[in-house]
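Reader: I have a structure open and a few questions about it. Can we go through it piece by piece?
Author: Go ahead.

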Amino acid sequence: MALQPGRFLADLHALRAFGAAGEGKGVVRPAYSEADMAARDWLAGRMVEAGLQPHFDAMGNLFGLADGPSLLLGSHSDSQPQGGWLDGALGVIAALEVARASIESGGPAISVVSFQDEEGRYGVTTGSNVWTGGLSQVEADALVDHEGVTLGAARRIVGDRAGGPVDPARFTGFIELHIEQGATLDTADEQIGVVTDIVGIRDRTITLTGQQNHAGTTAMALRRDAFQGLVAFSCRLNDRLRNVVTPQSVWTIGHVAVAPNASSIVPGQVRFSMQWRDAEMDRLARMETVIEETLAAVTAEMALGVQSGPLLGLDPVAMDAGLRARLEAGAEVVAPGMWRRMPSGALHDATNVARCMPVAMLFVPSIGGISHAFEEDTDEDDLVAGLRVLAHAAGL
């Protein structure tokens with residue numbers, strides 16, 4: 001086998017330099033930023049050197065194409081606004097190394113992809129969603145980030161790199177290597193997690209409108225404070241969801257914008273994100289009902305206006321049995337007795353790709369279960385173990 005772990009790790013650290021920030025191994029490389037596009041240009045160059053044909057589509061998804069039908073490997077290379085060096089990047093660089101080693105050893109045809117905007121600047125795994133037909137380009141271009149910039153405007157940075165669409169039918173399947181982003185493997189001192197299924201997600205933006213007023217002269221009983229509406233909603237929601245959810249269900253208010261955001265003004269408006277995840281479709285729907293009922297009750301009691309944005313999300317997806325079996329066989333070879341089957345509580349591009357082809361995923365440990373933070377890290381021995389399992393499943 002021509003697999004070279006040292007080369008793989010060197011490329012992984014080289015990619016980290018694009019948008020490097022903070023102490024340690026932090027990365028700031030959000031979708032369509034200058035750092036993001038510089039990283040993609042670097043990746044395109046490495047694909048050429050490996051013997052692959054780089055191709056950008058209109059969204060900025062970057063493919064490294066092998067000739068003829070091939071297995072597709074990869075993930076994404078954009079980051080959270082303050083993210084870690086491995087989230088997404090690991091899957092892309094591991095895919096590149098496996099494809100490169102396969103070419104060098106005369107192995108099977110393997111293509112590589114780095115999807116755009118997996119981290120949700122514009123919703124949920126936007127690049128792979130458009131590529132697989134879950135969202136049209138026109139619909140995607142109308143999406144707006146937290147700063148009011150449309151996706152259509154942001155993707156102009158792709159410029160003349162963009163070519164035509166890549167037909168998913170040219171790929172026989174998709175495998176994505178990723179860090180776990182949780183503490184299960186790290187706590188159990190295990191090296192590999194073979195994913196059984198990926199949870200579903202729902203996400204929407206909600207705006208509460210009250211009355212902006214003077215903070216010194218407006219009596220508490222007369223206030224229509226939009227921020228207090230959010231506080232009441234959040235507290236009640238936690239209580240009302242208690243009999244609906246399981247210990248694996250999660251919900252998050254993760255982004256809040258208060259207007260006018262001044263210390264001497266009663267907030268007249270608050271805009272916030274509402275996201276929830278679960279592995280069961282019925283439970284996702286029941287959680288949505290509780291959220292809507294709680295929101296309606298709070299806004300009626302506090303005389304607040306409410307406006308809800310479009311409901312975005314993806315349904316739960318089970319991994320392909322055949323590809324999963326190949327990963328399990330590889331895990332037993334590389335890490336005997338140190339691997340497990342497990343669900344993914346995080347969302348991944350594989351969810352979208354499952355519309356078009358068989359998909360599978362594997363995890364390596366996240367130290368301390370930390371991800372979406374500058375402190376995100378994984379032991380290099382575990383990174384190499386993941387690479388070797390991926391190569392085994394790819395037929396090397």
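Reader: Where is Asp382?
Author: Asp382 sits in helix H12. Bear in mind that this is a predicted model.

Reader: Is Asp382 buried or exposed?
Author: Asp382 counts as buried, because its relative accessibility is 15% and the cut-off for buried is under 20%.

Reader: And what does Asp382 touch, not counting residues up to four places away in sequence?
Author: Gln191, Val364 and Pro365.

Reader: How far is Asp382 from Trp131, C-alpha to C-alpha?
Author: Those C-alpha atoms are separated by 31 Å, and the two residues are 251 residues apart along the chain.

Reader: Back to the helix. At what angle do H3 and H12 cross?
Author: At roughly 55°, with the axes coming within 10 Å. H3 covers residues 89–104 and H12 covers residues 380–393. That angle makes H3 oblique to H12.

Reader: Left-handed or right-handed crossing?
Author: H3 passes H12 in a right-handed crossing.

Reader: Which residues meet there?
Author: From H3, Leu90, Ala94, Ala95, Glu97 and Val98; from H12, Leu383, Leu387, Leu390 and Ala391. By type, the contact has 8 nonpolar residues, no polar ones and 1 charged.

Reader: What about the largest nonpolar core, how many residues?
Author: The largest core has 66 residues, and Phe8 and Ile192 have the most contacts inside it. H3 gives the most to this core, with 10 residues.

Reader: What is Ile192 in contact with, leaving aside neighbours within four places in sequence?
Author: The list includes Leu185, Ala331, Ala335, Met338 and Trp339. Leu362, Phe363 and Val364 are also among the contacts of Ile192, as are Ala385, Gly386 and Val389. Val364 also touches Asp382.

Reader: What lies apart from that core?
Author: Another core, of 25 residues, with Leu65, Ile198, Leu347 and Met361 among them.

Reader: Different topic. Where is Pro69?
Author: Pro69 is in the loop between strand E2 (62–65) and strand E3 (70–76).

Reader: Buried or exposed, and why?
Author: Pro69 counts as exposed, because its relative accessibility is 62% and the cut-off for exposed is over 50%.

Reader: What is Pro69 in contact with, leaving aside neighbours within four places in sequence?
Author: Ala109, Arg170 and Thr172.

Reader: And how far is Pro69 from Pro108?
Author: Their C-alpha atoms are separated by 9.8 Å, with the two prolines 39 residues apart along the chain.

Key. Residues numbered from 1 in each chain as written. Predicted model: local features only at pLDDT ≥ 70, side-chain atom pairs only at ≥ 80, totals over all residues. Heavy atoms only, no water. Axes fitted to C-alpha atoms, helices over the stretch in contact; angles between N-to-C directions. Helix = DSSP H or I, 4+ residues; strand = E, 2+ residues; numbered from the N terminus. Parallel < 35°, antiparallel > 145°, perpendicular 65-115°, else oblique. Left-handed = near helix turned anticlockwise from the far one by under 90°. Contact = heavy atoms within 4.5 Å. Nonpolar A, V, L, I, M, F, W, Y, C, P; charged D, E, K, R; others polar. Core = buried A, V, L, I, M, F, W, Y, C linked by side-chain atoms within 4.5 Å. Buried < 20%, exposed > 50% of the residue type's maximum accessible area, 1.4 Å probe, protein only.
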